[in-house]
Amino acid sequence: ILENLVLGKEKPKRVAAIRVRWVSELTPAVIKDYQARASKAMSARSVNKHVTVLGTVLNWAVQAQLLRVNPIKGVRMLPSRPVKEQRALSAEEICELLRASSDESREVWVLFLHTGMRKREMASLRWKDVDLDAGEIQVRPDVAKSKRGRRIPMSPEVKAILQRRLAAAGDARPDDLVLPTIEKRDFYEYVLPTLDRDLEAANIDKSGVHV
């Protein structure tokens, strides 16, 4: 860990490591310089994690009597950036969004609205997770943020959309993705840009709006 952090054995295109060769050269000023450089390419949380790991190793070295003191003890962490406040669309905005959307993206927004699924859950949905007879969608534990699976009842609108998509897919296999693409582009990568486009088309303020 010390070699990677202190001697600069980083991968290409990564932020330069802490610019010292020996632990004896570590000072609070050196760490502050690293924080200033690294924060231009990484989040404050990531930079703080690096400094914390280094501090933990140095504390261990003190306990093992390899160092007399931790040379970076007391270095302040970078302030975390405030989390952007999110907001829900109003009922009127939802109606405007659906009116302004293409036929395909409108179906996607209806699926999100009626199921409450997350982006990753929707992008990972496979036909084996869809039980049209029971009228349920299964969210697998491996794709759920909580790592707990759950079953979502289908509204009539959701069931109709999934039936149309299954018919259009023809010989869909159980492991095939229900939503591999959105308007012929990778679903996971382009669902947010597509939402942004449709919000703009509906003249809706995009600030704080997320899938």
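Arg165 is located in helix 7, which spans residues 156-169; helices (H or I, at least four residues) and strands (E, at least two) are DSSP runs, numbered from the N terminus. The model is predicted, so that local features need pLDDT of at least 70 and side-chain atom pairs count only at pLDDT 80 or more, whereas totals for chains, interfaces and linings use all residues. Residues are numbered from 1 along each chain as its sequence is written, and side-chain values use heavy atoms, with hydrogens and water left out.

Arg165 counts as buried because its relative accessibility is 16%; buried means under 20% relative accessible area, exposed over 50%, and partly exposed in between (1.4 Å probe, protein chains only). When residues up to four places away in sequence are not counted, Arg165 touches Glu104, Glu107, Val108, Trp127, Val178 and Leu179, contact being defined as heavy atoms within 4.5 Å.

Asp129 lies in the loop between helix 6 (119-123) and strand 1 (130-131). Asp129 is buried, since its relative accessible area is 3%. With residues up to four places away in sequence again excluded, Asp129 touches Ser124, Glu136, Ile137, Gln138 and Arg140.Helix 4 (residues 91-100) and helix 5 (residues 103-115) pack at an angle of about 150°, their axes being 8 Å apart. Axes are lines fitted to C-alpha atoms, for helices over the stretch in contact, and angles run from 0 to 180 degrees between N-to-C directions. Helix 4 is therefore roughly antiparallel to helix 5 (angles under 35 degrees count as roughly parallel, over 145 as roughly antiparallel, 65 to 115 as roughly perpendicular and the rest as oblique). Ile94, Leu97, Leu98 and Arg99 of helix 4 meet Arg106, Trp109, Val110 and Leu113 of helix 5 in this contact.

Within helix 4, the buried residues are Glu93, Leu97 and Leu98. Seen down the axis of helix 4, these residues fall within an arc of 135°, so they line one face of the helix; the arc is that of the directions from the helix axis to the C-beta atoms. Ala91, Glu92 and Arg99 are exposed on the other side of helix 4. The buried residues of helix 4 pack against helix 5 and helix 8 (187-201).

In helix 2 (residues 28-38), Val30, Ile31, Tyr34, Gln35, Arg37 and Ala38 are buried. Because they cover an arc of only 170° around the axis, they are placed on the same side of helix 2. Ala29 and Lys32, on the other side of helix 2, are exposed. The buried residues of helix 2 pack against helix 3 (44-63).
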